[in-house]
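Here is a quick tour for anyone meeting this structure for the first time. Have a look at the view below, then read on.

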There are 2 protein chains.
Amino acid sequence: MIYLDGELVAPERARIDPRDRGLLLGDGLFETMRARAGRVSLVERHLARLRHGAATLGIPVPLDDDGIARALAEVLQANRLDDAALRLTLTRGPGPRGLAPPADPRPTLMIASAPPPPPKPPARARIVSIRRNEHSPLAGIKSLGHLDNVLAEREAGEDEALLLNSRGRLCEAAAANLFLVVGGVAHTPPVADGALPGVIRSVLLEPGAVETTLLPADLAVASEAFLTNSLIGVRPLIEVDGRRIGDGQPGPLTRTLAERAAQA
Amino acid sequence: MIYLDGELVAPERARIDPRDRGLLLGDGLFETMRARAGRVSLVERHLARLRHGAATLGIPVPLDDDGIARALAEVLQANRLDDAALRLTLTRGPGPRGLAPPADPRPTLMIASAPPPPPKPPARARIVSIRRNEHSPLAGIKSLGHLDNVLAEREAGEDEALLLNSRGRLCEAAAANLFLVVGGVAHTPPVADGALPGVIRSVLLEPGAVETTLLPADLAVASEAFLTNSLIGVRPLIEVDGRRIGDGQPGPLTRTLAERAAQA
């Protein structure tokens, strides 16, 4: 069962309007959240990011935070899931032809659930040819246009995809933030370099990890590296482009921060 | 009435699956076409571009060109439109959670129509802060992720939006290609600079106009400028950022090429 505009409905029966601007133009946002023991982890941060993105795009959010929290809980309950991956999608809703938004938008709000992804072994990654556009106002928000990420993941094959920005700086993975441990401190690319302000990333930044512009050459001096997102938490990254990070094993700071992320 | 996966159906009753990757990830393409006197202008070029984009993304196109042409004609007929704006949307169809495409995609093919936009007066434009990512494989294809364009248009207000690429070169307008007339020749930014290979653009390029890297400084030396897309054809551009192009009037080469586009 999914939540769609105020109702719980089977996905096979749920109807998205073919004029929905989320479909036609990528005019919308999403959040991917993790539920554990029936509780949505860090839901306040997810909803704050959603509202920041919606304000940037000028999309009204049809529910207050309590209303969204209730809808998330209803989806978990209806699907008898305690542990789950939750996806919230907000679009500007249907509109007429063309780029200009309708004057009086009727946004679409949808929440779907799935069993959580299984734990993954330490990651190997590859720097792909696709680059983040750090000049786009979309770089900092989680908008629906994720085709670059789809292509990046395809290019990386079995590996994870690492993306540079237009100036050749390290940016993030296709669906995760990147951290490098250098000098005993965890560094992650700043939002200004095109990184998405990830929720687990935000937990690790206060305090402890720091935002630092990172170059591909920094991979060679990092003693540890890891990827973060809301579904995997912290995942060690042990190899990039066939070269080991540090000694090629998950490191001690990575383990410490993984525990911190799991308790957040 | 719209065409959706083999059927003509009222938009109010048409159903897009909430798991459609076009909606969830912008994983798809579109084409905007102009019909005149019941005939779709330059349909072969539109379908060739669609197929090129679909091949780039690995999305199977569910109909051959004759089948798509028939579907376009059915939509025109069902809506009693001879003159129309047609929008074809192709997505990878529904998929499970995550970026990885389903092994056996069931693509969504949709065609909608609207009355053609009214003729517009000569354009004024503004260079906006949003930039095209010429490094993206998506720069050359007409993918669903058009939120950058929506924001660019919003930033430009009453003006048209001109976008630079990440290196500060002129690229295109939010929904049109850009041409500058310099030395009696019409120049348009190359696809390598992030320009979409527009269909009217392609008509003007063979032969006559040429692909040239253009900088904002070239606006000051251009004697004429114009914008092209499939709905407007050729539209004179007479002012950018408050500065007149040439004498601020539609120029003779612009008029000649407008006629050529209208006859294509």
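Predicted model: local features only at pLDDT ≥ 70, side-chain atom pairs only at ≥ 80, totals over all residues.

Is Glu31(A) buried or exposed? Buried means under 20% relative accessible area, so Glu31(A), at 2% relative accessibility, counts as buried. Its side chain has a partner, too: the side chain of Glu31(A) makes a polar contact with that of His46(A) at 2.8 Å. Leaving aside residues up to four places away in sequence, Glu31(A) also touches others, including Arg49(A), Leu86(A) and Lys142(A).

Now for the aromatic rings. Searching the whole structure over all chains turns up 2 aromatic pairs. Here they are side by side:

| Pair | Distance between ring centres | Angle between planes | Arrangement |
|---|---|---|---|
| Phe179(A) and Phe226(A) | 4.8 Å | 10° | stacked |
| Phe179(B) and Phe226(B) | 4.8 Å | 10° | stacked |

In chain A, the pair links distant parts of the chain, with Phe179(A) in strand β10 (residues 177–182) and Phe226(A) in strand β13 (residues 224–229), 47 residues apart. Both of these residues, Phe179(A) and Phe226(A), are buried. Over in chain B, Phe179(B) sits in strand β10 and Phe226(B) in strand β13, again 47 residues apart. Phe179(B) and Phe226(B) are buried as well.

Last stop, a pocket. The second largest pocket has a volume of about 310 Å³. Its lining is made up of 14 residues, and among those nearest its centre are Asp5(B), Arg15(B) and Asp17(B). By type, the lining of this pocket divides into 6 nonpolar, 1 polar and 7 charged residues.

Conventions. Residues numbered from 1 in each chain as written. Chains lettered and ligands numbered in written order. Heavy atoms only, no water. Buried < 20%, exposed > 50% of the residue type's maximum accessible area, 1.4 Å probe, protein only. Polar contact = N/O pair within 3.5 Å; in protein donor to acceptor, adjacent residues only side chain to side chain. Contact = heavy atoms within 4.5 Å. 1 Å grid on protein atoms, 1.4 Å probe; cavity = no way out; pocket = protein on both sides within 12 Å on 5 of 7 lines; lining within 4 Å. Points joined across faces, edges and corners; volume = space filled by probe spheres on them. Nonpolar A, V, L, I, M, F, W, Y, C, P; charged D, E, K, R; others polar. Phe/Tyr/Trp six-rings, centres within 6.5 Å; stacked < 30°, edge-to-face > 60°. Helix = DSSP H or I, 4+ residues; strand = E, 2+ residues; numbered from the N terminus.
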